[in-house]
Amino acid sequence: MEFIKALPKRIIDTDESAHKYEHSIEVQLPFLQHRFSNFNIVPVCLGMQDEETAMEVGMELAEAARKVNKKIVIIASSDFSHYKRDKVAREDDAYFISSILDMDIPGFYRKLYERNASVCGYGPIAAMLTASKALGAKKASLLKYSTSGDITGDLAAVVGYAGIIVE
């Protein structure tokens, strides 16, 4: 695939086994199949999610995207709070999401550490923000936020979810 060949591979490496226990693509795939009839996926799994690694991954993605003559969409998949009371999850998640909406990666990491966040895919979020900014994105918008309690009615231990678009 053209995009994979365009990756500079300074930090991103081809490793099929990295995806063996990862499920985020399974979550995204039905939505992509519903919306698009013809597309390719290049899954990227981060083993390390520190700020420096995430930003390096984002820069490699941006570099490859500039080299190919195709429309590229970068999707980061992550839950937000895990198994907190609904009120606490909403407060914490709003705090983290504000940095994403500001496209402030250092602020996002600072907030995660301040509150000992249970956001599982913070590295991919930072990589996506880095790549998007490098490719000219200027704004991020929250499409929807909800918790599992909105569906189940159980507000004692929820998982938070947000749909955010960066353009």
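**Reading side chains and backbone angles in a predicted model**

T130 is found in helix 6, which covers residues 122–134, and the model in which it is read is a predicted one.

User: Is T130 buried or exposed, and with which residues is T130 in contact, leaving aside its neighbours within four places in sequence?

Analyst: T130 counts as buried, because its relative accessibility is 6% and the cut-off for that word is under 20%. Leaving aside neighbours within four places in sequence, T130 is in contact with M55, G58, M59 and I105. The side chain of T130 also has a polar atom that lies 2.8 Å from the backbone oxygen of A126.

User: How many aromatic pairs does the structure hold, and how is such a pair described?

Analyst: In general, a pair of aromatic rings is described by the distance of the centres and the angle of the planes. The structure holds five aromatic pairs. In one of them, the ring centres of F36 and F39 are 6.4 Å apart with the planes at 65°, so this pair is edge-to-face, planes over 60 degrees apart being counted that way. F36 is partly exposed at 38% relative accessibility, and F39 is likewise partly exposed, with a relative accessible area of 29%.

User: What are the distance and the angle for the rings of F108 and Y109, and are these residues buried or exposed?

Analyst: The centres of the F108 and Y109 rings lie 6.1 Å apart and their planes stand at 80°, so this pair is edge-to-face. F108 is buried, with a relative accessible area of 0%, and Y109 is buried as well, with 1%. Ring pairs link F108 and Y109 with Y113 and Y122 into a cluster.

User: Which residues lie over the face of Y95?

Analyst: K111 lies over the face of Y95, at 4.7 Å from the ring centre, and R115 lies over the face of Y95 too, at 3.9 Å from the ring centre.

User: Where do K9 and M103 lie, and what is the phi of each?

Analyst: As a general idea, most residues other than glycine have a negative phi. K9, however, has a positive phi, near 60°, and is found in the loop between helix 1 (2–6) and helix 2 (24–35). M103 also has a positive phi, near 55°, and lies in the loop between helix 4 (86–101) and helix 5 (105–114). K9 is partly exposed, with a relative accessible area of 38%, whereas M103 counts as buried at 6% relative accessibility.

Note on methods. Residues are numbered from 1 along each chain as its sequence is written. This is a predicted model: local features need pLDDT of at least 70, side-chain atom pairs count only at pLDDT 80 or more; totals for chains, interfaces and linings use all residues. Side-chain values use heavy atoms; hydrogens and water are left out. Rings of Phe, Tyr and Trp (its six-membered ring) pair if their centres lie within 6.5 Å; planes under 30 degrees apart count as stacked, over 60 as edge-to-face and the rest as tilted. Buried means under 20% relative accessible area, exposed over 50%, partly exposed in between (1.4 Å probe, protein chains only). A charge sits over a ring if NZ of Lys or CZ of Arg is within 6 Å of the ring centre and within 35 degrees of the ring normal. Helices (H or I, at least four residues) and strands (E, at least two) are DSSP runs, numbered from the N terminus. A polar contact is a pair of N or O atoms within 3.5 Å; within protein, one must be able to donate a hydrogen and the other to accept it, and residues adjacent in sequence count only if both atoms are side-chain atoms. Contact means heavy atoms within 4.5 Å.
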